[in-house]
Amino acid sequence: MANVFVNINDLSDQELLSMIHQALLFKSGQFIPVINRQVVANLFFENSTRTATSFQMAEMKLGYQRIVIDPNKSSATKGESLEDTLKTLKAIGIDTVVIRHSLRDWYQPFYEMAGKEVPKLVNAGDGNGQHPSQSLLDLMTIVEHFENFAGLRVRIIGDIYHSRVARSNAEILNRLGVEVTFSGPKEWQDQSLEQFGSFVDIDEDLGKQDVIMLLRVQHERLTDEENQDFTIDKYHEDYGLTKDRYRKLKSNAIIMHPAPVNRGVEIDSDLVEADKSRIFQQMKNGVYARMAILNSLTIPSLMSGVRK
Ligand code: CP
């Protein structure tokens, strides 16, 4: 049993597929997990709607005891280190902590300590590093539509450099046999990702892609200078999913976006709810993917469930 879920690439293919299978089982209602005496704390140092709420929903569905800690009212504001905060939560009796933090790789020092000196750890997003629970729900959404990964073509478009979604998904998709390509402004490309796929013009082979994965323009991570250069109309025309580009997509292609969406920037506002869009399905799947994540950290003897 693992004590951390912090980087999607830590999982073997078998573990990954098993978690996707479990998330789909939870979604189908064929397995209803009940009664779990674990205590989970949610500690979000960065804002969130989807991840924070769906982790809480997953915890409720699993029967966990939940605590939400507001970092702005915690002793982190008095300078307490993350390590001391985590040791404190362990001492108080918290079994698992779900953390979102702006510090990339915040979890690295805690691999060995997790489940012992500090609670078990779930990474709900670290700076522009990883967003493993988003990756799992994205993979689940792809499996729902295509069943398998091998041979699929996924085009990741937008602010690659600042995106933890791009970083998490590119490596795992590449490992699963997907042909990954990236498009977006040159200044937001990331050479460290070229090992997983090449950067191409957005219109190159657009009609051959199975998945169009759009990324949010992350204004909060742009420098003042970058934000100043940014024009919505120009971005949308050059790198956005316009109606014209939508018409060129394969009939079976799907559109994904981790959200929140900047309507009219990464994607034409009318296309957010288009037939090919899986954006709100991704959000729904997030609850079940996060149930599978939390369940993977749970001591089996404390878990009981019923099969319909
Ligand atoms: N996709 C995602 O992480 O959204 P939130 O920031 O709302 O959690």
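Q: What does contact mean here?
A: Contact means that heavy atoms lie within 4.5 Å, and the model to which this is applied is a predicted one.

Q: Which residues does S183 touch, then, not counting those up to four places away in sequence?
A: Setting aside residues up to four places away in sequence, S183 touches R155, I156, I157, G158 and I160, and also V200, D201 and I202. S183 itself belongs to strand 8, which covers residues 179-183.

Q: Is S183 buried or exposed?
A: S183 has a relative accessible area of 1%, and because buried means under 20%, S183 counts as buried.

Q: What does the side chain of S183 reach?
A: The side chain of S183 reaches the backbone oxygen of V200, at 2.9 Å. As for D203, which is 20 residues away from S183 along the chain, the C-alpha atoms of the two are separated by 8.9 Å.

Q: Switching to the ligand, which residues are around it?
A: The residues around the ligand are S48, T49, R50, T51, R100, H131, Q134, P258 and A259.

Q: Where do N or O atoms of S48 and T49 come in?
A: In S48 the side chain supplies an N or O atom, 2.6 Å from an oxygen atom of the ligand, whereas in T49 a backbone N or O atom lies 2.8 Å from an oxygen atom of the ligand. For A259, a backbone N or O atom is 2.9 Å from a nitrogen atom of the ligand. Of the 260 Å² that the ligand exposes when taken alone, the protein buries 90%.

Q: Where does UniProt place the feature "binding site"?
A: An unreviewed UniProt entry places a "binding site" feature at R50, T51, R100, H131, Q134, A259 and P260. Of these residues, R50 and Q134 are included in the lining of the largest cavity.

Q: What about R100, buried or exposed?
A: R100 counts as buried because its relative accessibility is 7%, and R100 lies in strand 5, residues 96-101. Beyond residues up to four places away in sequence, R100 touches L43, F44, F45, E46, N47, S48, T51, A124, G125, H131 and R164.

Q: And where is P260?
A: P260 is in the loop between strand 11 (254-256) and helix 9 (279-296). With a relative accessibility of 38%, P260 counts as partly exposed, and P260 touches R50 and R216 when residues up to four places away in sequence are not counted.

Q: Which residues does the UniProt annotation "binding site" with R216 cover?
A: That annotation, also from an unreviewed UniProt entry, covers K78, R164 and R216. These residues are spread over 139 residues of sequence and are also spread in space, with up to 32.6 Å between C-alpha atoms. From this set, R164 and R216 are taken in by the lining of the largest pocket.

Q: Where are R164 and R216 found?
A: R164 is found in helix 5, residues 164-175, while R216 is in the loop between strand 10 (211-214) and helix 6 (224-229). R164 is buried at 8% relative accessibility, and R216, with a relative accessible area of 19%, is buried as well, because the cut-off for buried is under 20%.

Q: What is R216 in contact with, leaving aside neighbours within four places in sequence?
A: With those neighbours left aside, R216 is in contact with D159, H257, P260, N262 and E266. For R164, a polar atom of the side chain lies 3.0 Å from the backbone oxygen of G127.

Technical notes:
Residues are numbered from 1 along each chain as its sequence is written. This is a predicted model: local features need pLDDT of at least 70, side-chain atom pairs count only at pLDDT 80 or more; totals for chains, interfaces and linings use all residues. Side-chain values use heavy atoms; hydrogens and water are left out. UniProt positions are given in the numbering used here, feature names are shortened, and annotations may be inferred rather than shown by experiment. On a 1 Å grid over the protein atoms alone, a cavity is a set of points where a 1.4 Å probe fits but cannot get out, and a pocket is an open set with protein on both sides within 12 Å along at least five of seven lines; lining residues have an atom within 4 Å of a point. Helices (H or I, at least four residues) and strands (E, at least two) are DSSP runs, numbered from the N terminus. Buried means under 20% relative accessible area, exposed over 50%, partly exposed in between (1.4 Å probe, protein chains only). A residue is near a molecule or strand if one of its heavy atoms lies within 4 Å of it. A polar contact is a pair of N or O atoms within 3.5 Å; within protein, one must be able to donate a hydrogen and the other to accept it, and residues adjacent in sequence count only if both atoms are side-chain atoms. Accessible areas come from the Shrake-Rupley method with a 1.4 Å probe; for residues, only the protein chains shown count as cover.
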